[in-house]
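Subject: Structure handover

Hello,

I am passing the structure on to you with this email, and below it I have written down what was found. Please keep the model open while you read, so that you can look up each place as it comes.

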Amino acid sequence: MARLPVIVGFGGINSAGRTSFHQAYCRIIFDLLPQTIQQEVLLDLATITNIAEYQNGAWLTHDGEALDAETLIDTFGEEILARTLIRRIHPSLFDVDNVTVHKSSALSAVVEGEKLSFSVKTRSLPDNIPANWQVKELSKTHSEITVDGTLETFIKDSKSLSVKAAGQLPTGFDPSKLYQSRNHPRGLQMTVYGASDAILSSGLDWDKVRNLVAPDQIAVYAANSIGQMDDLGFGGMLKSALMGKRTTSKHLPLGYAQMPADFVNAYILGSVGNVGTSIGACATYFFNLERAIEQIKVGKVRIAMVGGSDAPITPEIIEGFRTMGALAEDTALLALDQLENQKEPDHTRSCRPFAQNCGFTIGESSQWTLLMDDELALEIGATIHGAIPAVYAYADGYKKSISAPGVGNYLTMSKAMAYLKNIIGSEGLTDRTFIQAHGTSTPQNRVTESHVLSKAATSFGATAMPVTAMKAYLGHSQGTAGGDQLHLSLGVWQHGILPGIMTSNAVADDVYTGGLKFQLKHEEYGKEHFDAALLNSKGFGGNNATAVLLAPHKVMEMLSKRYSSEQIAAYLEKNADIKEAANAYNDAMIRGEVEPIYRFGFNVLGGEELDITDKEINLPGYHMPVDLNIPNEFDDLV
């Protein structure tokens with residue numbers, strides 16, 4: 001009997017705001033929400049963006065003015081919303097109009113036949129003096145240089161990027177200020193915030209939960225797709241020498257793509273269990289999710305944290321994608337909308353999945369999903385937000401261009417539909433399932449992905465499967481995009497509204513529509529209309545994945561067949577306390593009263609502290625031992 005991997009916690013941060021309690025989802029469907037929920041969303045964002053701070057029952061602005069919630073929202077509501085979703089990159093990251101570059105130049109004397117001469121601080125002289133230089137000491141601090149011929153040099157300059165939009169985290173949010181970040185790269189700062197949010201928002205006491213299972217039955221599978229490429233990670237290591245700066249001891253180790261998993265183990269969960277990093281471009285999150293659910297289904301792992309944290313909004317990464325023709329440039333957006341007398345386009349509409357479009361919009365995000373097997377979740381009363389019974393991942397086979405799409409996504413989507421059909425039936429698949437598309441907003445993707453979705457849908461008899469794409473609001477957070485898709489899909493079952501692709505006015509003529517209903521408007525279906533969702537990733541290099549997501553009401557319906565009514569009733573009774581603790585966390589987060597978990601140097605163990613026998617390993621601080629009674633799986637061969 002396979003164990004069912006259920007979602008018992010989720011959290012993080014993206015351009016729409018905090019993920020837990022569906023805050024980011026609610027930002028996207030904001031206009032359709034009742035006023036009470038709108039107020040909660042705005043207050044949460046006011047705290048995140050540091051527009052106001054909650055003190056002594058009032059909201060204190062930077063001017064020292066104490067406002068009640070209603071006045072704060074009336075005064076700053078529009079500004080708060082404008083600080084979210086896709087928009088012009090804010091200078092808090094970097095100035096898109098003045099990006100530093102260096103131009104290679106050859107300097108020579110103005111008068112032909114004369115030599116070039118200049119002075120320089122002696123300490124700035126190169127270690128290896130060029131052969132055509134003559135050096136003369138002018139003082140204890142300065143030297144005169146005479147160059148016979150030309151001087152090869154780099155001259156500092158600046159330029160304006162042609163790509164100015166991104167799905168940046170809410171303006172004003174600075175994760176480095178929330179804990180002792182010690183020059184951590186931005187992606188790792190986001191990891192601490194996002195993983196903490198997932199754990200704390202679950203309402204579970206982690207120190208109690210982790211002692212219910214053996215230490216090696218907890219796992220963390222996480223990554224980002226590019227590594228930490230800002231100046232505090234690999235980016236700083238690669239360019240420091242060329243910028244006249246020194247490489248630090250943190251540049252290399254903190255740049256690795258597996259660091260989000262390492263940080264969660266070392267500073268948040270204190271886990272000694274299974275760990276792994278799978279990297280597959282846009283499908284990275286789903287690759288790690290697949291490993292987690294397969295381990296849970298067979299019983300090797302009982303608790304798994306799956307996550308990703310990508311911070312790719314840097315000038316270098318933007319320029320790399322731009323030169324591939326992958327990003328939506330301002331000039332192309334203006335041409336798309338036929339705006340001849342306008343300097344800049346509407347950056348909030350730069351990403352238009354399945355419409356007339358010109359490239360994707362880069363985004364940043366940190367997303368974390370806490371999974372358990374169904375038995376443990378019921379035992380402790382954990383809130384079940386949904387279940388992920390399967391993820392399918394396949395490659396494209398032989399290719400000409402490594403970045404071109406191929407056939408792998410046809411396999412992932414078709415197998416996911418076939419699997420889901422066996423769980424919820426043919427009608428459940430075709431009539432009560434929606435598709436969360438990869439939806440990058442490139443002309444190539446709109447054609448190729450729509451053909452994949454249409455071919456699979458019609459093969460299973462669908463006539464109008466709803467298709468949406470959250471990158472329209474969040475941008476493309478690279479390896480973490482699957483987490484964005486997963487967590488925003490969960491909001492559909494909390495509020496009953498399927499977000500539409502509102503940045504797209506119409507489906508492009510070359511998009512395949514057979515069997516599909518492209519959701520261009522937000523639409524209220526009801527909280528239990530959909531039984532499932534299919535989350536699709538169509539990744540660079542042939543990294544394709546489709547995840548099957550079951551609705552919470554469907555999961556409980558399924559579990560009622562595995563457990564007795566008495567067991568379900570006992571679970572619901574325990575769950576009431578868990579929900580109360582979770583709601584208290586949400587209220588405290590809105591008021592800015594909760595700090596991320598960051599346990600630096602906490603309960604550090606050495607090998608001499610372990611109690612090891614030939615039967616088990618006991619670790620101080622862990623209630624249950626690691627069992628060494630390991631069966632031989634190949635007993636027929638020995």
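The side chains of R432 and E427 meet in a salt bridge, with 3.7 Å from N to O, where a salt bridge is defined as a side-chain nitrogen of Lys or Arg within 4 Å of a carboxyl oxygen of Asp or Glu. R432 is partly exposed, with a relative accessible area of 24%, whereas E427 counts as exposed at 54%; for these words, buried means under 20% relative accessible area, exposed means over 50%, and partly exposed is in between, with a 1.4 Å probe and protein chains only.

Before going on, please note that this is a predicted model, in which local features need pLDDT of at least 70 and side-chain atom pairs count only at pLDDT 80 or more, while totals for chains, interfaces and linings use all residues. Residues are numbered from 1 along each chain as its sequence is written, and side-chain values use heavy atoms, with hydrogens and water left out.

As background, side chains of opposite charge can pair when their charged atoms come close. The structure holds 26 salt bridges, and one of them joins the side chains of R88 and D97 at 3.1 Å from N to O. Both partners are partly exposed, R88 with a relative accessible area of 28% and D97 with 32%. R322 forms a salt bridge with E329, and their closest N and O atoms are 4.0 Å apart; R322 counts as partly exposed, at 23% relative accessibility. There is also a network of salt bridges, which links R3, R302, D373 and E375.

Next comes a sheet. Three strands form an open sheet in the order β8-β10-β9, with antiparallel pairing; strands here are DSSP runs of E with at least two residues, helices are runs of H or I with at least four, and both are numbered from the N terminus. Two strands pair if DSSP finds at least two bridges between them. The edge strands are β8 (116-121) and β9 (133-137), each of which pairs on one side only. Neighbouring strands of this sheet are turned by 25° against each other on average, direction ignored, where the axes are lines fitted to C-alpha atoms (for helices over the stretch in contact) and angles run from 0 to 180 degrees between N-to-C directions. Between β9 and β10 (residues 142-147), which run antiparallel, there are 5 bridges, and the bridge partner of W133 in β10 is V147.

N50 sits in the loop between α2 (35-48) and β3 (52-55), and F354 lies in the loop between α10 (330-336) and β16 (365-373). Is each of them buried or exposed? N50 counts as partly exposed, at 41% relative accessibility, whereas F354 is buried, with a relative accessible area of 2%.

Finally, N288 is found in helix α8 (residues 284-297) and is buried, with a relative accessible area of 0%. Leaving aside its neighbours within four places in sequence, N288 is in contact (heavy atoms within 4.5 Å) with Y221, A222, A223, G276, T277, S278 and V306.
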